[in-house]
Amino acid sequence: MNRALALHLIVVAALAAGIFLLPVYHATNLARIMVLAVFAMGYNLAFGYTGLLSLGHAMFFAAGMYAAGLGITLGGWPAGLALLAGPLAGGALALAAGALALRTAGVSFMIVTLMLAQAGYLTILYYTPITRGEEGFVLAQGLRRIGAFDLSQDLNRGLFALGLFTAGLLLSLALVRARFGRIMVAMRENEERSRMLGYNPFTVKLAVMGISGAYAGAAGAAYALLFGSVGASFGAIAFSILPLLWVLLGGAGTTLGPLLGAGLMFYLTDIASSYTSAHQFVVGAALLVLVLFAPRGILGALRERGLKWLP
Amino acid sequence: MAAVTLLEARGLQRHFGGIPAVDGVDLTLRAGEIHALIGPNGAGKTTLVSLLSGRITPQAGRILFAGEDITALPAHRRVAKGIAYTFQITSIYPRLTVFDNVALALRDSRDLPRAVGAALARTGLQALAGETAGELSYGHQRLLELTMGLALKPRLLILDEPTQGLANEDIAGFKALVRSLVPETTVLLIEHNMEVVMDLADRITVLNFGRSLASGTPAEVRANADVQAAYLGGDDAEA
């Protein structure tokens, strides 16, 4: 059983080595990938483990991002407090959205979460004088420090991203291996049976939405603080689709799939766009291959072919 | 033996699009009995037990369980009160292991391997704990469903056509198992196999067109003229 934990710690160690050893360009990419992977891990808890196909997670990411960003610029908060506000804002909004959207299931759930997120996105645009809309705003370097720890500095940025990612990864590993994790999977696999075993599907799924939203919010706040930019584009529909694609690519319902998917997609886009302006086409083709040959994603396929212990 | 009432349903009614599926049914279950619910196809048996387990809500009537009004309780709360339901069409977690299926039914998560092993031993499935549930034979899947129902340690176990599709030798084992449950657990059994019903049931309720036609001991029900006309003497007589 503990080879799973060992594997996770090896992954964390490899990421740490990457931060120290890689050239700055790639180390910065790695920090970005880790923050986005936190977003994807939260999405994976809802979609991969609990079967909640949400198309509204951009709203929770943006909630965390704006809570932190506006907290600093308008509220004069210190960076540490702003970072804490991220998961709280994302989680609270996800609970509210979940309370409405979980009255539906399946395709209706997708549509309701999509609509709610669009409403959130339009709200950001409506308040452009405050949010700066599509253009966004930049957090000055001096505001992005916790005490003497300057988050805008390359090494610190990597270390903070690694810390957040590690916390998120180990938390999600503990969660899916706990009794609650088993109940999450039960909801995905057979909700009616689960109800008749005495579990309330609504409260289980709402709790998962809250946790998932908190991950998204934490990632949004970290993104604002580490990379200094806050903008409405992070609340747009594309940012709801991306975590779905990362999770599908890496393997839905696997703890390491979100990192793998986010990393691969990031570099796939990066490399493709250095050759052609039609990089979206390359990404699309890659996803098509995935759906045809490994519908459970990379780690999902490995788990099916012998690595049954992968959590 | 003093007949303590475990469950009492009064005037239960449920219509689907104007067609009465259950039309004012009274039902009394005594603690510790095996009570069979019989009737022709479409008589409303599954609808009635769905009302009792909370899967659907009644349009009229009330349900008392151990003296408490549970009419408004959702299904999962009734399970917590001790009402377990096993589905007519096998409903397990096909992609999970047998172990995980049973673990989900256990309330107490301490020492899971031991508790799951004990639950599986009751139905003789202990050797299959590591198998994927969906890959089991049909008979084993039915038994797994029963194991999950029992793992809930219910006060009332509702079995919806449990022997459907089982081989004859499995039916004998099933009858012995159900007999071993009483009197700790009360059993409400929907069953088409008259041999099983007459063998197991302490009392029988006959439904026809959503109404209760008769209720009593197997001998009383057999002697009832209405029942003979509507059911036992009809085309689908199996006894």
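Let's start with strand β3 of chain B, residues 34–38: 5 of its 5 residues are buried, so the strand is largely enclosed by the rest of the structure. Keep in mind as we go that this is a predicted model.

What covers the two faces of that strand? On one side B:I34, B:A36 and B:I38 are buried, and on the other B:H35 and B:L37 are buried too. As for its partners, β3(B) runs parallel to β8(B), joined to it by 4 bridges, and B:L37 sits opposite B:I190 of that strand. β3(B) also pairs with β9, residues 203–208 of chain B, again in the parallel sense and over 4 bridges. There, B:A36 faces B:I204.

In chain B, B:K153 has phi near 50° without being a glycine. B:K153 belongs to the loop between α5 (138–151) and β7 (156–160) of chain B, and because 16 other C-beta atoms lie within 10 Å, it counts as partly exposed. In chain A, the residue to look at is A:R132, which is not a glycine either and has a phi of about 65°. A:R132 is in the loop that links α6 (128–131) to β1 (137–138) of chain A. With 17 C-beta neighbours inside 10 Å, A:R132 is partly exposed.

An unreviewed UniProt entry places "transmembrane region" features on chain A, among them residues 83–102 and 281–302. How do those two spans look in the model? Residues 83–102 are 95% helix and 0% strand, with their end C-alpha atoms 28 Å apart. Residues 281–302 are 86% helix and 0% strand, and there the end C-alpha atoms are 26 Å apart.

One helix I'd like to show you is α5 of chain A, residues 107–126. At 1.5 Å a residue, its 20 residues should span 28 Å, and the end C-alpha atoms are 28 Å apart, which agrees. The buried residues of α5(A) include A:F109, A:L116, A:G120 and A:Y121. The buried residues of this helix pack against α3 (57–73), α4 (79–101), α6 and α11 (238–250) of chain A.

On to the nonpolar core. The largest one has 160 residues, and those with the most contacts inside it are A:V35, A:V38, A:A219, A:A221 and A:A222. Helix α2 of chain A, residues 24–49, gives the most to this core, with 16 residues.

Last stop, the place where the chains meet. How many residues are in contact there? On chain B there are 17, touching 13 residues of chain A. Two helices of chain B, α2 (75–81) and α3 (98–105), each supply at least two residues of the side that touches chain A. By class, that side of chain B has 12 nonpolar, 3 polar and 2 charged residues.

Thanks, everyone, and I'm happy to take questions.

Methods:
Residues are numbered from 1 along each chain as its sequence is written. Chains are lettered from A and ligands numbered from 1 in the order in which they are written. This is a predicted model: local features need pLDDT of at least 70, side-chain atom pairs count only at pLDDT 80 or more; totals for chains, interfaces and linings use all residues. Two residues are in contact if their C-beta atoms, placed from the backbone, lie within 7 Å. Ala, Val, Leu, Ile, Met, Phe, Trp, Tyr, Cys and Pro count as nonpolar, Asp, Glu, Lys and Arg as charged, and the others, Gly among them, as polar. A residue is buried if 20 or more other C-beta atoms lie within 10 Å of its own, exposed if 12 or fewer, and partly exposed in between; C-beta atoms are placed from the backbone. UniProt positions are given in the numbering used here, feature names are shortened, and annotations may be inferred rather than shown by experiment. Two strands pair if DSSP finds at least two bridges between them. A nonpolar core is a set of buried Ala, Val, Leu, Ile, Met, Phe, Trp, Tyr and Cys residues joined through C-beta atoms within 7 Å. The expected span of a helix is 1.5 Å times one less than its number of residues.
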